[in-house]
Amino acid sequence: MEQSDKQFSIWRRLLALVGLFMYLGDIGTDTALVFRYFHEEHYVWSGLTALFIITGLTVNQIFSYAWFLEDMHKNVMDSKPKRWYLVLHIFGMGILLRSYHLLKQGYKEIWGQETSHNQRSQNGYLKKGYEEGSSKLFSDTADLSMLKLFETFLESAPQLLLQLYVHQNHEEWSVLQYMSMVFSFFNLAWSLVDYRICLRKSLPQSRELPSALPTTVYLLYKLFTITSLILSYSLLLILSVYSTVGFTSLWLLGTIRAHHLKTNFCSSGVLELLYRGVIGAVLVFTFFNVKGQDTKRDMTVYYFFWTVINFSTPLLMFFLKPELKTITIFLVVSGVIYGGSLLGLILLVLYYRFLHSKQEAKKQYDEVDGLENVDGQEKETTPSTRRTREFIKP
């Protein structure tokens, strides 16, 4: 199989399995922490941990089921199991259902690829139908990756912040807590890379899988910038729990910004408002392109304030809480914040200056949400293709 062929390969199935393992590990360890904190009578920590889990699951189920209904309405998939899908989503199993469906269809694609290659090559109609099925399969993969990305910034990133705060400020040390932070971190990293790979492969403008170097630089740039910001947030929480008011304000600003840009990601007005709220949550932790347009100015403004937060927070701690000067953990965290911030900025410039295809970006990022422009007229895209137009440049 050529790399440019849109076929769900064995390698792609292994990636999906790894992503599923990360997701289950993240949810499982966080759920175990809820019961541990409750047993130790840390009711606030237990409640907050549970709140992040429930928020991520609930939002994901809403979007996942809505997308299933949209695909059924467009006759992209069978509408018979609608009630069964609803029951599974009520019990928070939307991502598991999509993973099962994706792996099952992927197996059929691989089997068909190995047993029907000659027939497809000789019959143009069958070959076209098979390629369309493969393209749909990758669009479904991008849908699943997008849902995991939602879950990452609604559950994993806030959870990582909470556990860092508990760990640093209250000297709570446990294997389960470390496991929760490790799974949250790797789930965050995996979601970013997996979505980028799936998206670029599913879009018609991108025929090749992204090479290792740009993907690695992109991953490191995101991890350094996000991790350093989360550590800064954790120090602000140690300085004052009222920093949560500031975090809430950042979320509101991000949501208002998305509303101001008039995103058109969902077919329903209510879902669109929810989507803009998700955007606000993502912007609390990282920058991404909301409307598929030139974002140099917006990115510059975002990372200016990001730099101010990261470089001023350790200094505030140093002057306002001088008793922390001799604590090793504070010195280590401050060093990671400064070092991670500097490396993140360097990798950001390196990625967008040398490794990011500007011509390809112009084709992809300037697309209007949910519409294609053909000969001066707007043409509606398929649900899965339309959904992949957002988050192209997270």
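Q: Starting with helix 3: on its other side, which residues are exposed?
A: On that side you'll find Arg-83, Trp-84 and Ile-90 as exposed residues. Keep in mind that this is a predicted model.

Q: Okay, and which residues of helix 3 are buried?
A: In helix 3, the buried ones are Tyr-85, Leu-88 and His-89. They share one side of helix 3 because the arc they cover around the axis is only 100°.

Q: Where does Trp-84 sit, and why does it count as exposed?
A: Trp-84 belongs to helix 3, which covers residues 82-90. Its relative accessibility is 53%, so Trp-84 counts as exposed, the cut-off for that being over 50%.

Q: Which residues make the nonpolar surface patch?
A: Trp-84 is one of them, together with Leu-86, Val-87, Ile-90, Phe-91 and Met-93.

Q: What follows helix 3?
A: Gly-92 does, and its phi is positive, near 75°.

Q: What about positive phi in residues that aren't glycine, what is the phi of Glu-41?
A: Glu-41 is not a glycine, and its phi is a positive value near 65°. For background, most residues other than glycine have a negative phi.

Q: Where is Glu-41, and is it buried or exposed?
A: Glu-41 is in the loop between helix 1 (10-39) and helix 2 (43-73). With a relative accessible area of 56%, Glu-41 is exposed.

Q: And what phi does Lys-262 have?
A: Lys-262 isn't a glycine either, and its phi is positive at about 55°. You'll find Lys-262 in the loop between helix 9 and helix 10. Its relative accessibility is 64%, which means Lys-262 counts as exposed.

Q: Switching topic: how many salt bridges does the structure hold?
A: Three salt bridges. As a general point, side chains of opposite charge can pair when their charged atoms come close.

Q: Let's go through them. Which residue forms a salt bridge with Arg-36?
A: That's Glu-40, with 3.3 Å between the closest N and O atoms. Glu-40 counts as partly exposed, at 30% relative accessibility. Arg-36 is partly exposed as well, with a relative accessible area of 32%.

Q: What does Asp-298 meet in a salt bridge?
A: The side chain of Asp-298 meets that of Arg-257, at 3.0 Å from N to O. This pair links distant parts of the chain, since Asp-298 is in helix 11 (residues 296-320) and Arg-257 is in helix 9 (residues 243-260), 41 residues apart. Arg-257 has a relative accessible area of 29%, so Arg-257 is partly exposed.

Q: And Glu-272, which side chain does that one meet in a salt bridge?
A: Glu-272 meets Arg-276, and the N to O distance is 3.8 Å. Both residues lie in helix 10 (residues 269-285), four residues apart, or about one turn of the helix.

Q: Why would that spacing matter for which way residues point?
A: An α-helix has 3.6 residues a turn, so residues three or four places apart point the same way.

Q: Is Glu-272 buried or exposed, and what about Arg-276?
A: Glu-272 is buried, with a relative accessible area of 6%. Arg-276 also counts as buried, at 10% relative accessibility.

Q: Another spot: where is Ser-334 found?
A: Ser-334 is in helix 12, which covers residues 328-355. At 9% relative accessibility, Ser-334 counts as buried.

Q: Zooming out, how many helices and strands does the chain have?
A: There are 14 helices and two strands. The chain has 394 residues, and buried ones make up 51% of them.

Q: What about the accessible surface of the chain?
A: It comes to about 19500 Å², and 66% of that belongs to carbon and sulfur atoms.

Q: What share of contacts is between residues 24 or more positions apart?
A: Counting contacts with a separation of 6 or more, 76% are between residues 24 or more positions apart.

Q: Last one: what is the mean pLDDT of the chain?
A: The mean is 79, and 73% of the residues reach 70 or more. Residues 1-7 have pLDDT below 50, and this stretch has 24 contacts in the model beyond near neighbours in sequence. Residues 389-394 also have pLDDT below 50, with 35 such contacts beyond near neighbours in sequence.

Key. Residues are numbered from 1 along each chain as its sequence is written. This is a predicted model: local features need pLDDT of at least 70, side-chain atom pairs count only at pLDDT 80 or more; totals for chains, interfaces and linings use all residues. Side-chain values use heavy atoms; hydrogens and water are left out. Patches are made of residues with over 30% relative accessible area and no salt bridge: like charges are joined within 9 Å, nonpolar side chains (Val, Leu, Ile, Met, Phe, Trp, Tyr) within 5 Å. Accessible areas come from the Shrake-Rupley method with a 1.4 Å probe; for residues, only the protein chains shown count as cover. A salt bridge is a side-chain nitrogen of Lys or Arg within 4 Å of a carboxyl oxygen of Asp or Glu. Buried means under 20% relative accessible area, exposed over 50%, partly exposed in between (1.4 Å probe, protein chains only). pLDDT is the predictor's confidence in each residue, from 0 to 100. Contact means heavy atoms within 4.5 Å. The arc is that of the directions from the helix axis to the C-beta atoms.
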